[in-house]
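Student: Can you walk me through this one? I'd like the interface and then a look inside one chain.

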Amino acid sequence: MTAGAPLPPEPNKAAFDAHLTRRIFRYLRPYLALVVGAVLLSLAFSGIQPLFGLIQRYAIDNALTPFVNGVTTDREPLLRTLTTAALTYMGLKVLEFAVQYGSIITIGYLGQNVLRDIRADVFTKIQRLHLAFFDQNPVGRLITRVTSDVDAINQFLTGGLVSLIQSAFLIVAYAVIMLSVDWRLGLVSFSVLPFMYFASNYFRGHLRDSFRNNRFQQAVVNSKLNENITGMTTVQLFGRERRMALDFDHANRALLTANENSVKWFSLFMPVMAVLGQIGIALVLYFAASRLLGQDAAAVTGVTVGTLVAFIGWTTNLFQPIQDLADVFNNLQAAMASSERIFEVLDTEEKITDKPGAATLDPFEGRVTFDGVWFAYDQDVTADTPDSDDRWILRGIDLDIRPGESVALVGATGAGKTSVTALVSRFYDVQRGAVRVDGHDVRDLQQHDLRRHVGVVLQDVFLFAGTIESNLTLNNPGISHERVVEACKYVGVHDYIVSLPDGYQTEVRERGATLSTGQKQLLAFARALIQNPDILLVLDEATSNVDTETELRIQAALLKVMQGRTSIIIAHRLSTIEHCDRIVVMRRGLIVEQGSHRALLDRGGYYARLHRLQYAQGDAAD
Amino acid sequence: MDSLRTLWPYLRLHRRQYLIGLVAVVIANSVNLLPWYFIRLTIDGVTGQTDADAATAGITASQVGLYALGIVAASATAGLFMLIMRRMIVIASRQTEYEVRRDIFHHLQGLDKPYYDRARTGDLMNRLTGDLGAVREMLGFGAWQIVNIVSGFATAFAVMFSLSWQLTLIVLALLPIIVGLLTYMARQINRRHTHVQEQNSLIAAKAQENFSGARVVKGYATEDREIGDYRAMNLELLRRNISLIKVDGPLRSVMNLLLGLAFGVILLVGGRLILNGDGTFTIGMFTQFVGTLERLAFPMLMVGWITGITQRGLSSWLRLRELFDARALVRDERGRANPGIQTLRGDVEFDGVTVRYGERTVLEDVSLSVPAGTFLGVTGPTGSGKTVLGQLLTRSMDPTSGVVRVDGHDVRTIPLRTLRDHISVVPQEPFLFSDSIANNIGFGLGNRDLPEVPTGVSVVGAPPLPDIPQNPDMDRVRNAARLAGLAGDVEDFPQGYDTVLGERGVTLSGGQRQRTAIARAIVRDPAILILDDSLSAVDTETERRILDGLREVARGRTVILIGHRISTLRHADQIVVLDGGRLIEQGTHDDLVAAGGHYAEIERLQRLASDLDADDEPIRDAEVAADALEHQPMPQEAVK
């Protein structure tokens, strides 16, 4: 059978890492009362558990055996003893239930609170991280941190710590009572426990491996399914159905094999544990009965029929904590890997932070100055990296934009236009030189305050789940509906929104799949306008995918939005940007020329060539 | 019941496994009761209660030894049969899962574009994962649990009844309360579990959105609001989890409590029976009775779950059946498709073609003739039906009325495979696969003569299919990449053409994706090449080079270029303009500009927008500028 994709190796982790454990424990500190409560309830539960065997023993030895053996024939006191025993038993059961329920709720409440704290910490931390972090970490990986990795910590707490404590208490309680009732029988019944522990440990180790393999193969099958369904029409147009079917069958078979393998381990595991358990019971039965038969009087050895029955019960009840204990270290190990990943996120250095005493700008004028800016996305590039290095994206940009001026950035893909806009919002820090707003280095300003003054219209308009209105206000309750409507009317998207079934309250589905590119673009302008920024950054390459009429509408909206603000605009289509006060032409991280549209055309330089190429290339090519 | 009937063909493939497995469950359940019987014999022997002389023991140590061995032997036998059961039934259910998945995949491959336009990927995925899992659980776990419950109860009650009918009646009276309470709890757990799951997906979706929208969140400085929202959802998750824990956590302790109370009652009543002194009920029997009752704990717990598992399994199977029942409208119809048609030259003709989606008319009475080798430009506003023209040619859909012909044959008479082998499409938003760049470009190469995955058969004994690597002809792949203006980009990747795309590999920019799709289309040397607005994400410098490349391959082929930019369309031999599904203009660029219609208007708008004076610069200089640009090295795509 063909194996599917190979299983990635599991990081070889020590089962127990004191440092990590201490960090997890720190999350328990706010709930110390719950921790103490949980431990006490656990203790109480462990103390009650073995008592049931004692009551059974008492009932059999004091109410039933004397009559059967003919020692007592007076049934009245025996019946009374029996009733007392039965009622005590039932009362104790109710108490046991209450204690156990209390302990489950306490532990659940504790665990869920700790999870909630960890989840909130990770999410909050990620919010504070610099944009480059998101460039380096795929979204899927970050989601795993706040979902399954947090769940694994839950496993650490409940499957690991709690069951360690609970199992240990139970084993001690049973051991004490069994040894004190009859130490020889106690030892006999313990004899099977080490085997049980090791067998359980062995099988669960294998099961864990094979379940991990199952999950992996299932993920392979799912991603192939997803890809095939999404790209089915492409597959059909290129006549590739059979190859895809073969490829899928290999993954499907690998999943089947993995599943069969776990069934095989599991089918061995359960019977082996059951047989080991019954061997324990058979041993207790044999030794207890032999001693009952060997001596003629029960009083000599202390072994009674009641003791025999109680020991069968106790031995059976010991199996579960022993098996749980065998699994504790597996659970801890799995949780260690996850908690390490979570703490790695929590420990990530926040590269872009506010300096102590970072200033806010009031009033905010909107002057933007690039002062000899050298910049690279690559974190390894420093101020000392030679100028000739390929990784530099901006290579010494000097640019001064007056408040209210509109500037268009022009240049081929990779010229550094997007980087210029990203630096104004301080999404990244420059390696050399400085970016200044109103004469202040952006590194000396409060990030939040700076960004509140800077509006961004993104190339790929990102719509969140929610209504159209909540996407426009970005859930800011401080923005009135009137302001939203006003902005939408201004950019010319109001009529369209009103035509939707629920108007402004229409739900945006699947990232706005039902909206056209042009409509999304207009919404993005409205969103920027509503935030009323002093500096506007527009990345509008997406306008290239709409028809001429819509493009003209977008241009009209853009002109309106730009009015009275410092604007920096990136566009493919030269026509979009001819209306700007100044055009800055960039090439490979440098400004090659700047000036008004007219002046640049007259100069006949790079811009003029780009411009002519677009509109005259038909003639040029023939 | 109907869903069971349709499931039968799959069950039949493994009926032997299910049958053996179910018999094994019954045997295992019966044998499992023997250990308590041996314990009873020992106790009764020790007490001497069943003996003639109650004061002496009625049993020897060697007999006890035999009983002890009997316990071990019985549990070993039961264990063996449980092992057989799992390896039969549970494995059969996994095999059925494989077979259903395989067959659905095959069926999905035959469904057409109209189906996929309606279907949502998420929904299909849910059916193929969640629903298939529910069916498997019903067939595997569900099947043996039902038999387990029935045979477990039957054997246990038979034994208990033979021990004491009075006590058995007490248990029978308590049973509905126990089972009823547990079933109620199981239902509550199910409901609350769903609530937790819903909140879990909400919170995951929130995180997903926040992380992918990091630029917006940071750009508008809304981090604190996002954190606030997240915390609120987090708190709700905590509430729902605790509400689940309240019923899920104590399930076992409730079971334990109920059995404990039952034990108390049995001790009271059973004790009296023993104290009756007639010897019909012994301490050993009492012990066996209680032990046997305890064996029912698990089956009792399962009663509550089993109805849920079965209901979920059956309704999930119905949802899977819906996939099987979906039929493709576009397919090779028997007696209509003519297998004799094997090559196509590329003459295209639309004859009175109308397409309607329900009320909406997408194309209306379009007639158009495109001789082989023609470069046809198609333009018109968004939603005018441009894309549909291409889709009709590849038979991604069939017209409502009228005929589409290639080389004079109605496309419905051309076998789909032949038709699609001769046509390549570059869609507006190309879909690339997470595979190497070479395999993505050679996507349509070497797919003939592959073995078919057999469907509707049992996987048991079916040999695995051979692994046939794709290995596309690299000369053709490189040439296509060169023509599509992609070669430079690919050579810059460390792994070149072996670079893997997608989640686990490299993410291409929009322009690179479009160029990969162009390479993928032209590598097949198609008779007809359809480019559907496929240069939109490519910058001006690159667009030029691609158009030159296309002109090189286009010789002798029919090219249909759909687009908005006049600069791209003007080279076409023939241009058609669509508006609202009607063909409103047709001719060469010069004809149409001269005609002063819609096309001329678009041309004028684009020219006006350029704000370029016609006599600003002589044309000769533009040629020089263009040449200069062409000889400059391409800048690398920005690393984002």
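Tutor: What follows covers conventions, the interface, and one chain with one of its residues.

Tutor: This is a predicted model, where local features need pLDDT of at least 70, side-chain atom pairs count only at pLDDT 80 or more, and totals for chains, interfaces and linings use all residues. Residues are numbered from 1 along each chain as its sequence is written, chains are lettered from A and ligands numbered from 1 in the order in which they are written, and side-chain values use heavy atoms, with hydrogens and water left out.

Student: How many residues of chain B are in contact with chain A?

Tutor: 180 residues of chain B are in contact with 164 residues of chain A; contact means heavy atoms within 4.5 Å.

Student: And what area is buried between chain B and chain A?

Tutor: About 16100 Å², with carbon and sulfur atoms giving 66% of it. Buried area is the accessible area (1.4 Å probe) that two parts lose on being put together, summed over both. In chain B, Phe211(B), Tyr220(B) and Leu275(B) lose the most area to chain A, together 5% of what that side buries.

Student: How many salt bridges across the interface of chain B and chain A?

Tutor: The rule finds 3, a salt bridge being a side-chain nitrogen of Lys or Arg within 4 Å of a carboxyl oxygen of Asp or Glu. Glu223(B) forms a salt bridge with Arg451(A), and their closest N and O atoms are 3.9 Å apart.

Student: Which helix gives the largest share of chain B's side?

Tutor: Helix α4 (residues 61-109) of chain B, with 23 residues. Helices (H or I, at least four residues) and strands (E, at least two) are DSSP runs, numbered from the N terminus.

Student: Switching to chain A. What is its radius of gyration?

Tutor: Chain A has 37 Å, whereas a compact globule of 622 residues would be near 25 Å. That radius is taken over C-alpha atoms, and the globule rule is 2.2 Å times the number of residues to the power 0.38. The C-alpha atoms fill a box of roughly 125 × 60 × 60 Å along the principal axes. Chain A has 23 helices and 12 strands.

Student: Take Asp441(A): buried or exposed?

Tutor: Asp441(A) counts as buried because its relative accessibility is 12%; buried means under 20% relative accessible area, exposed over 50%, partly exposed in between (1.4 Å probe, protein chains only). Asp441(A) sits in strand β5 (residues 440-441) of chain A.

Student: What lies 2.9 Å from its side chain?

Tutor: The backbone nitrogen of Arg443(A) is at that distance from a polar atom of the Asp441(A) side chain.

Terms used
A polar contact is a pair of N or O atoms within 3.5 Å; within protein, one must be able to donate a hydrogen and the other to accept it, and residues adjacent in sequence count only if both atoms are side-chain atoms.
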